[in-house]
Each structure stands twice: as C-alpha cells, then as structure tokens.
Amino acid sequence: MAGWNRISEKALRFGLLLSKEIKVVHVHSEDEAHGIDRDWEDKIVGPIREAGLPDPELVTIPSTFRFVISPLMDYILRLESENPGRKVAVVLPELVVRHWWENLLHNQRVQLLKILLLVKGNQRIVVVNIPWYL
C-alpha cells in the first residue's frame, strides 16, 4: 500500500473478507516525506476496530531509490517459505481504464508484480486483482 486512498480502502476491505490475518505492506523509500504510518491509526485501524474486526499488521519495508518490486517480492517469497502448508493471498488493486493506451500510464508496477509472483512463486501464492474503474 503506497498510501491511503479509495483504491487501497477497497483492497483492504476485500482482504478483511478473506482472512483474519492481514498484513498491509508499505515499501518506504528514503526520499519519501512520510509513509502510511501517519494515516494508520486514525483512518485505517480505528474504523476496523469499531467494526469489531481484527487489526491488520503494518509491515514497513525500507528501500532505496524508490525500488518497490524487489523488496516486495523478497518479503512475499519469505512469507511463503515461513508459512508452509498455508496459502498466501496477495491483493493487488488495479486501475481499469477505458482505452488500451491508458495502460501505458497506469498499472506498470502491478502488472510486473503479478507476473513475477506467478513465475517465481509456487502454487501457494494466490494473486487477487481488485479492479478500480476510472
């Protein structure tokens, strides 16, 4: 989760339907002013607690030069290896655009991450797309 917005909210809501154990992963780069931690308690965890649902865990992964895919892949593959016998569902919010050429402007990280998870992961990693229509 890069930040808190309606797309992230939709993905988190769906994740809460899938499991009681949710890990929200934020890759924080050195040049970023603040991460998601500023919004975490008030906008994310507070409403979840009010609904009587278990708190998600915020996992912040440090990164340099805005590299997101590699640290995220390392974390997901490590999580998979540490939890044998369990499925790992990766919920990816994805923009759905009207014209094919708009895909060149959006979704590049999501598409790359999806391909890498399918190629490098095994059958215990499940990729779930959450569409957001522009």
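Which residues make a nonpolar surface patch of about 570 Å²?

1. Basis of the note. The model is predicted: local features need pLDDT of at least 70, side-chain atom pairs count only at pLDDT 80 or more, and totals for chains, interfaces and linings use all residues. Residues are numbered from 1 along each chain as its sequence is written, and side-chain values use heavy atoms, with hydrogens and water left out.

2. Surface patch. The patch of about 570 Å² is made by W100, W101, L104 and L105. Patches consist of residues with over 30% relative accessible area and no salt bridge, with like charges joined within 9 Å and nonpolar side chains (Val, Leu, Ile, Met, Phe, Trp, Tyr) within 5 Å; accessible areas come from the Shrake-Rupley method with a 1.4 Å probe, and for residues only the protein chains shown count as cover. L104 is placed in the loop between β3 and α4; helices (H or I, at least four residues) and strands (E, at least two) are DSSP runs numbered from the N terminus. With a relative accessible area of 63%, L104 is exposed (buried is under 20%, exposed over 50%, partly exposed in between; 1.4 Å probe, protein chains only).

3. Main core. In soluble globular proteins, nonpolar side chains tend to be buried together. The largest nonpolar core here has 18 residues, and V90, L113 and L117 have the most contacts inside it. Such a core is a set of buried Ala, Val, Leu, Ile, Met, Phe, Trp, Tyr and Cys residues joined through side-chain atoms within 4.5 Å. At least two residues of this core come from each of β1 (23–29), β2 (57–63), α3 (69–82), β3 (88–96) and α4 (108–120). The largest share, six residues, is supplied by α3.

4. Beyond its neighbours within four places in sequence, V90 is in contact (heavy atoms within 4.5 Å) with I76, L117, I125, V126, V127 and V128. A second, separate core has nine residues, including I22, V24, W40 and V45.

5. Salt bridge E21–R86. Nine salt bridges are counted, each being a side-chain nitrogen of Lys or Arg within 4 Å of a carboxyl oxygen of Asp or Glu. In one of them, the side chains of E21 and R86 meet at 3.2 Å, N to O. This pair links distant parts of the chain, 65 residues apart: E21 is in the loop between α1 (6–18) and β1, and R86 in the loop between α3 and β3. E21 is partly exposed at 44% relative accessible area, and R86 is partly exposed at 39%.

6. The closest N and O atoms of K23 and E57 are 2.7 Å apart. Because K23 lies in strand β1 and E57 in strand β2, the pair ties together parts 34 residues apart in sequence. K23 is partly exposed at 28% relative accessibility, as is E57 at 39%.

7. Salt bridge E82–R78. These two residues form a salt bridge with closest N and O atoms 3.9 Å apart. E82 and R78 are four residues apart in helix α3, so about one helical turn separates them. E82 is exposed at 52% relative accessibility, whereas R78 is partly exposed at 42%. Elsewhere, salt bridges that share partners join E21, K23, E57 and R86 into one network.

8. Residue S8. S8 is in helix α1 and is buried, with a relative accessible area of 9%. Not counting residues up to four places away in sequence, S8 touches M1 and G3.
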